[in-house]
Protein chains: 4
Amino acid sequence: MTDQSDQSDPIAGSSSCQIELRVRYAEVDQMGAVHHSRYWVYFEMGRTELLRRQGVAYADLEREGVLFVVAKCSAKFLAAARYDDLLTLTTRIVRMGAARIDHEYELRRTAGGQLLCTAQTTLACLDRSGQIAAIPDNIRGRHEENGDIAS
Amino acid sequence: MTDQSDQSDPIAGSSSCQIELRVRYAEVDQMGAVHHSRYWVYFEMGRTELLRRQGVAYADLEREGVLFVVAKCSAKFLAAARYDDLLTLTTRIVRMGAARIDHEYELRRTAGGQLLCTAQTTLACLDRSGQIAAIPDNIRGRHEENGDIAS
Amino acid sequence: MTDQSDQSDPIAGSSSCQIELRVRYAEVDQMGAVHHSRYWVYFEMGRTELLRRQGVAYADLEREGVLFVVAKCSAKFLAAARYDDLLTLTTRIVRMGAARIDHEYELRRTAGGQLLCTAQTTLACLDRSGQIAAIPDNIRGRHEENGDIAS
Amino acid sequence: MTDQSDQSDPIAGSSSCQIELRVRYAEVDQMGAVHHSRYWVYFEMGRTELLRRQGVAYADLEREGVLFVVAKCSAKFLAAARYDDLLTLTTRIVRMGAARIDHEYELRRTAGGQLLCTAQTTLACLDRSGQIAAIPDNIRGRHEENGDIAS
C-alpha cells in the first residue's frame, strides 16, 4: 500500500477505517497551518480507502455510472496541522439511507494523538444524468451484513 | 477592480457584500463540477472583500499580529457549479462576539440566479502565539456603528 | 466582467491578452509566497480569456470534443507574489502548428510592474479518444487572419 | 511509513529516491486526468523524502532560516495519470551549486511502469530575508561524500 498506511480498527468493524497521511508543503498556508479547504481532500481519501476495504473501487463505481456527491458537510477545527506532520484519519459510516451515506471523520496528529478536526459529510448517490439514485446493493449489502448501519 | 466585481447590496449594509467570480478549469473535478473543497476558497475571497469594503486589508491585519482562523464551518451543496460559470457570492456577517465572527454565504450562478451553495463559518481571532484574542476595535466598531451585528 | 479585468493590448493584436487577478489566501504557502504550482492555474485563466476574446469558449470546445492538454511547460520564478497582490498576466500565442499551440506568459505585480514570472507552455490538441487531432479551423483561422502566428 | 512507500534505489545512491503515491480525486480535472499543476506538488513530496533519507527534515531547515524556493522548472507530460492510480516518482539530484540544487523527476504508473511525466527544477537557497544564501554544509557534505554530485 501507499499514500497512506492501513490500520485495523477492530472496534468499528468494516464501516470504519483508519489511514495515515503526511501533510504536504503546498497544503499549508502562510500561518503555517493546513488550510481548512484541504481537509475535505483528506476526508475523500478516507472514503476511498473505506470503500476499497469493502472490495469496491470508487473509480469503478463512477465508470458504472454510480456517482456520490457531497450534499452537506460540517467541520470543527480544534488545532492546526503543520507541514510534514503525520496525521491519522478515522473515517466511519454512521448512517446509510436509500440514496445517501453519512460519514464521520476524526483527524489526529499521529504523534501524541491530539485531535485536530472532527467532521461530518452526507453523500448523495446520483446516476449519470445527475438524478438521485438508489445506492447499489453491493455497497448496501456489505453494511447490512455487518449490522452496524441503520438503513 | 479585479478578480471579482463589486455590487452594491443596499439592503444588507456594510456587513454584507457581493462578489462575482469565474470558475477556473483546475477547480472542477472529473464529474464536471466544482470540487466541494474549492468553495471554501471562494468564501475566503468573500471575507477578504467584505473587510476591504470596510477599509481593512486582511493582509495588514496579519502583519499586525491579528489572525483569523476558521474554527467551524458547514455547507449545503444544492447544484453543481461548472467550469467557466460566472458565480455571485454573497457574504454576510451574522454575529460578532468578543473573539469570533460568524459569516453566512450564498453562492448563485449569475445567469439565472440558481442557488448552488449555502454555508456558514465561525472565525476565531488569535494573536501571533495562537491564543484567542479580542477582535480589534477598528473592526468591531464598524459593525457596532452600523448597528446590525449582535456583539 | 469578473474574476479578472480586461485591458486592451494594442501592440499584440488578438493573439495576446492581459488579465488582472488577485492572489487568494489559499494560494500562498508558509513562506508567504504564491506556491509555484498555482501559477499554472493563472496561465490557464489567461488562455481561457485569450480564446474568449477570439469569440470561443473553451468550455464549448470541450463539449464538441476538442481537448487541449498541456504537453510541455517551463517557467522562471523571479520574485514572489504575495497574498492579496494584484497581478497582471500577459498571455501570448507564439506559434501554432497543425495540432499544437505554444503560449508565452509574463506575470507582473500590477503596482509597480515588477516581473514575477515568465513561462511557456505547449498545448496538444486531442480528440475525445485522446488521439492527436488537427486544431479546428475556427481557431486556426482567427490567427491566420491576424497574420501573427506561424502555422 | 505513510503517504508514500519507500523503495531502495541501489543504482542511484543517496542522491535519488523513489516514493509511491496514489492519485486523489480532487487532483483530477474534468478530462479525467491529473491536472498539470498538481505534479509540482508530487515533485515537492519527492524532494522532502529525498532530504529525509539524508537525515534532514525540510521543516527543520525552514525553522533554522534555510529556505529553498523553486527558481526554474520544466516538464513534459507524456500520458495522463488517472484518479486512484498508484504512481512511482523517482527524484534525483543532478547538480548542486553553491546556492542552488537541480533535481530531475520521473513519474511512472506503478502498474506497468508507463512513463507519465519527466521534469526538472532548480531550487535557490535563501535566507530569511530572501537573499541568496550558501547551501548549509550538512546538506552539501552528504552529497560530496557520495561523490555523485558536481559541486
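**Chain contacts and salt bridges**

Q: Which residue meets D:E106 in a salt bridge?
A: A salt bridge is a side-chain nitrogen of Lys or Arg within 4 Å of a carboxyl oxygen of Asp or Glu. The N to O distance here is 3.3 Å. The partner of D:E106 is D:R108.

Q: Is D:R108 buried, partly exposed or exposed?
A: Buried means under 20% relative accessible area, exposed over 50%, and partly exposed in between (1.4 Å probe, protein chains only). D:E106 has 30% relative accessibility and counts as partly exposed. D:R108 has 31% relative accessibility, so its class is partly exposed.

Q: Which residues are joined into one network by salt bridges that share partners?
A: The network draws on residues of chain A and chain D. The members are A:R22, A:D84, D:E49 and D:R52.

Q: What kind of model is this?
A: Residues are numbered from 1 along each chain as its sequence is written, while chains are lettered from A and ligands numbered from 1 in the order in which they are written. Local features need pLDDT of at least 70, side-chain atom pairs count only at pLDDT 80 or more, and totals for chains, interfaces and linings use all residues; side-chain values use heavy atoms, with hydrogens and water left out, and the model is predicted.

Q: How many salt bridges does a search of the whole structure find?
A: Side chains of opposite charge can pair when their charged atoms come close. The search covers all chains. The total is 40.

Q: How many residues apart in sequence are the parts that B:R22 and B:D84 tie together?
A: B:R22 forms a salt bridge with B:D84, with the closest N and O atoms 3.5 Å apart. B:R22 lies in strand β2 (16-22) of chain B, and B:D84 lies in the loop between β3 (67-77) and β4 (86-96) of chain B. Both B:R22 and B:D84 are buried. So the pair ties together parts whose separation in sequence is 62 residues.

Q: Is C:D102 buried or exposed?
A: C:R100 and C:D102 form a salt bridge, their closest N and O atoms 2.7 Å apart. C:R100 is partly exposed, at 30% relative accessible area. C:D102 has 11% relative accessibility, so it counts as buried.

Q: What is the area buried between chain C and chain B?
A: Contact means heavy atoms within 4.5 Å, and 25 residues of chain C touch 25 residues of chain B. Buried area is the accessible area (1.4 Å probe) that two parts lose on being put together, summed over both. Carbon and sulfur atoms give 48% of it. The area is about 2200 Å².

Q: Which residue of chain C forms a salt bridge with B:R22?
A: The interface of chain C and chain B holds six salt bridges. In the one at B:R22, the closest N and O atoms are 3.8 Å apart. The partner is C:E49.

Q: Which element gives the most residues to the side of chain C that touches chain B?
A: Helices (H or I, at least four residues) and strands (E, at least two) are DSSP runs, numbered from the N terminus. The elements of chain C that give two or more residues to this side are β2 (16-22), α1 (39-53) and α2 (58-63). With seven residues, the top contributor is α1(C).

Q: What rotation superposes chain C on chain B?
A: Copies are superposed by least squares on the C-alpha atoms of residues with pLDDT of at least 70 in both. The RMSD is 0.0 Å, with 0.0 Å of shift along the axis; the rotation is 180 degrees.

Q: Which kind of axis relates the two copies?
A: That superposition settles the relation of chain C and chain B. The axis is thus a two-fold rotation axis.

Q: Which residue of chain D comes closest to the rotation axis?
A: A rotation of 180 degrees, with 0.0 Å of shift along its axis, superposes chain D on chain B. The C-alpha distance from the axis is 1.9 Å. The residue is D:Q30.

Q: Which residues of chain D lose the most area to chain B?
A: The contact takes ten residues from each of chain D and chain B. About 960 Å² is buried between them. Three residues together make up 58% of what the chain D side buries: D:Y25, D:A26 and D:Q30.

Q: How many salt bridges cross the interface of chain D and chain B?
A: The rule was applied across this interface. The number found is zero.
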